Amino acid sequence: MRYIVRVEIRLRKDLHDPEGAVALSCLQDLGLRQIRSVRSGKVYYLEVETNSKEEAFKIADEACRRLLANPVKDEYSIEIVSET
Amino acid sequence: MVVRVLIVRAPGTNCDFETALAFRELSCDTSIITFSRLIQNGKLVHDFDILVFPGGFSYGDYVRAGAVLGKRLIARIGSEIRDFLRGGGLIMGICNGFQILVEAGLIPGTDNIRIALTTNISLRYECRWTILKYESKNSPLSNSLKTGYILRIPVGHGEGRVITKSTNDLKLLVDNDLILFRYVKPDGTYAEGEYPWNPNGSTYDIAGLQNVDRNVIGMMPHPERAFYTWQLPDWTRNRELVYREKFADGYLILRAVIQYILK
């Protein structure tokens with residue numbers, strides 16, 4: 001089976017996110033004053049060939065722990081988007 | 001004895017040439033090698049005394065600055081690197097090289113202290129002169145630099161803010177004497193996060209660190225860019241200095257690295 005796994009990496013909530021802060025101030029300049037905060041992140045789509053959803057999830061989790069996310073500053077979430 | 005220096009060039013490295021020039025000026029036998037060649041034959045490191053990861057944007061800073069090279073280094077030739085260090089070798093990382101060593105886990109060299117380098121508070125690429133205070137009492141640089149020595153060295157980076165996972169991690173950095181340099185103001189007092197003296201918002205004004213075994217050092221500022229007095233920003237106002245002294249503060253740092261091997 002082939003799974004498309006969506007991995008989202010975000011800076012930990014308690015850390016200052018300069019990119020989000022700059023986007024927020026710009027959005028407020030654009031008149032979108034209802035937006036109270038912005039946090040930035042990064043998304044990766046992994047195509048994983050394996051036997052089960054659980055296994056695909058496990059592999060993506062390892063990818064996050066070993067490279068895509070830095071446990072000191074990032075948090076991440078994993079979602080199986082599709083399987084073929 | 002001639003000190004042998006290996007400078008590792010990866011796709012996106014851009015400070016390899018001037019770093020090599022600086023080490024050659026210090027009479028080192030200096031080679032530049034591509035990272036792909038190094039990981040094909042990790043035993044190459046044993047022909048050298050110092051391994052240097054220079055500044056730049058290795059692998060385009062994709063994923064995180066230094067992450068790809070740092071993780072690949074350990075995955076492919078981690079055991080050779082450990083043998084190299086055990087055999088008395090020294091690893092130095094400058095700017096992107098520092099980021100690589102932190103991502104590789106070589107700095108601080110223990111899982112108990114959790115640090116990372118992340119985006120500058122200013123969200124800008126900070127290219128400016130900084131003033132550093134040498135902090136450590138026992139590091140590879142201690143042969144030549146006295147604790148409290150003030151140096152002028154420039155930075156040029158977008159992701160140089162040192163953060164620790166918790167305040168306890170910072171305490172461990174301090175208690176274990178792992179902090180090499182801190183950013184200070186012109187009067188020599190600590191920047192305490194104040195911009196532009198602390199250019200990136202780094203925790204505790206940290207500009208450079210070493211590992212627990214005191215044989216891996218990393219710093220965001222570029223000693224090779226403050227090597228000669230004519231590289232100083234005020235050299236036209238200080239022409240006498242340029243005529244009198246050939247070398248500036250960056251020279252002292254690289255010379256200290258060489259002295260560590262020669263000691």
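Which residues line the largest cavity? The close-up views below are drawn from a predicted model, in which local features need pLDDT of at least 70 and side-chain atom pairs count only at pLDDT 80 or more, while totals for chains, interfaces and linings use all residues. Residues are numbered from 1 along each chain as its sequence is written, chains are lettered from A and ligands numbered from 1 in the order in which they are written, and side-chain values use heavy atoms, with hydrogens and water left out.

**View 1. The largest cavity and its lining.** Asn70(A) lines this cavity together with Ala65(B), Gln99(B), Val102(B), Glu103(B), Ala116(B), Leu117(B) and Glu159(B) (a cavity is a set of points on a 1 Å grid over the protein atoms alone where a 1.4 Å probe fits but cannot get out, and lining residues have an atom within 4 Å of a point). Its volume, the space filled by probe spheres set on grid points joined across faces, edges and corners, is about 50 Å³. Helix 4 of chain B gives the most to the lining, with three residues (helices, H or I of at least four residues, and strands, E of at least two, are DSSP runs numbered from the N terminus).

**View 2. The second largest cavity, in chain B.** About 30 Å³ of space lies here, and the lining consists of Val8(B), Arg9(B), Ala10(B), Thr13(B), Phe53(B), Pro54(B), Leu69(B), Asn96(B) and Ile100(B). Strand 1 (4-9) and helix 4 of chain B are the elements that give two or more residues to this lining.

**View 3. Strand 5 of chain B, covered on both faces.** Ile115(B) and Leu117(B) on one side, and Ala116(B) and Thr118(B) on the other, are all buried (under 20% relative accessible area, with a 1.4 Å probe and protein chains only; exposed is over 50% and partly exposed lies in between). Strand 5 pairs with strand 8 (residues 161-164) of chain B in the antiparallel sense over four bridges (strands pair if DSSP finds at least two bridges between them), and Thr118(B) stands opposite Arg161(B) in strand 8.

**View 4. The open sheet of chain B.** Nine strands form this mixed sheet in the order 2-1-3-4-11-10-9-6-7. Strand 2 (29-34) and strand 7 (150-157) of chain B stand at the edges, each with a single partner strand, so one side of each is left without a neighbour in the sheet. Strand 10 (residues 206-210) and strand 11 (residues 216-219) of chain B run antiparallel, joined by three bridges, and Leu209(B) stands opposite Gly218(B) in strand 11.

Definitions and conventions:
On a 1 Å grid over the protein atoms alone, a cavity is a set of points where a 1.4 Å probe fits but cannot get out, and a pocket is an open set with protein on both sides within 12 Å along at least five of seven lines; lining residues have an atom within 4 Å of a point.
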